[in-house]
Amino acid sequence: MSPAEHPDHDRPVTDAAAVGPAPGDGPEPPLPDADAAIVAGGAPPSARVPLDRDRIVSEALVFLEEVGPGGLSMRRLGKRLGVEAMSLYRYVPGKEDLLDAVVESLISGMYADPEVLSTPDNGWQDFLQRMAHGVRRVALAHIQAFPLVASRPPEAPWLRPPLRSLDWVESFLAGLTSEGFSDAAAVAAYRSFTSFLLGNLLLEVASHGADIGPLDVVDDGEEDNEALRQHPTVARLRADLAQDHSATEFEEALEQLLERIAATKVELADG
């Protein structure tokens with residue numbers, strides 16, 4: 001499938017990088033005293049607001065986009081849901097489990113994307129094109145949460161993000177082997193495909209404001225920057241460096257990757 005034929009080529013991307021105030025900005029109002037309310041004859045929070053694991057995870061994902069992973073806590077999430085933090089622990093044992101559940105929700109959400117196929121119905125190139133763009137849509141829809149896909153432990157240590165769920169890896173490997181890939185070629189394709197996706201998409205979400213770790217970025221709003229004065233070529237080309245060609249670069253790199261995978265299929269063919 002060529003870039004021009006792909007349904008997502010030139011699709012406008014909603015800026016998902018807007019975030020709310022930092023967790024420490026201003027005092028938060030105190031939580032209501034649920035115990036006192038129950039003693040006074042009120043219903044417990046869990047009775048007033050029906051909870052389940054899916055609702056908690058969904059709300060956590062929305063909240064993450066506002067405050068980033070560092071701003072998420074069980075207490076703040078409970079307040080957002082109208083309950084005390086203790087009400088959440090019946091469904092999620094703690095923040096670590098909650099973050100893992102958020103990642104699982106992100107990746108499994110691709111099954112709801114009608115453009116992503118779980119089997120290579122139209123050939124393996126179309127299959128991987130659709131899968132790659134599906135992962136990119138997940139990243140762009142969840143700018144702040146997507147880095148968790150890279151940082152949270154996968155289901156097995158030999159699984160690689162962002163295709164880090166056993167279900168999707170099964171789809172990937174079974175799909176390629178059904179298209180004539182040897183086992184070795186399918187595994188090599190999985191490694192190169194995941195490396196391509198993770199590298200490109202982490203850089204892209206970082207450019208939209210996601211926190212992906214200790215990354216130093218030059219402040220484009222600071223004209224009198226001492227570091228830039230010491231690097232005149234960078235200063236001269238800063239406008240060019242700041243241009244966003246993410247969609248084009250992703251498409252071109254994906255095409256090159258598919259060409260390399262095709263060559264690997266031949267090189268590692270059985271017999």
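The expected span of a helix is taken as 1.5 Å times one less than its number of residues, where helices are DSSP runs of H or I with at least four residues, numbered from the N terminus. The structure is a predicted model, in which local features need pLDDT of at least 70 and side-chain atom pairs count only at pLDDT 80 or more, while totals for chains, interfaces and linings use all residues. Residues are numbered from 1 along each chain as its sequence is written, and side-chain values use heavy atoms, with hydrogens and water left out.

By this rule the 25 residues of helix 9 should span 36 Å, which agrees with the 36 Å between its end C-alpha atoms. Just after helix 9, Gly209 adopts a positive phi of about 110°.

In helix 8 (residues 166-178), the end C-alpha atoms lie 18 Å apart, in agreement with the 18 Å that its 13 residues should span. Trp168, Val169, Ser171, Phe172, Gly175 and Leu176 of helix 8 are buried, that is, under 20% relative accessible area with a 1.4 Å probe and protein chains only. These residues cover an arc of only 160° around the axis, which puts them on the same side of helix 8; the arc is that of the directions from the helix axis to the C-beta atoms. Asp167, Glu170 and Ser178, on the other side of helix 8, are exposed, meaning over 50% relative accessible area. The buried residues of helix 8 pack against helix 5 (95-108), helix 6 (124-141) and helix 9, with contact defined as heavy atoms within 4.5 Å.

Note on methods: Helices (H or I, at least four residues) and strands (E, at least two) are DSSP runs, numbered from the N terminus.
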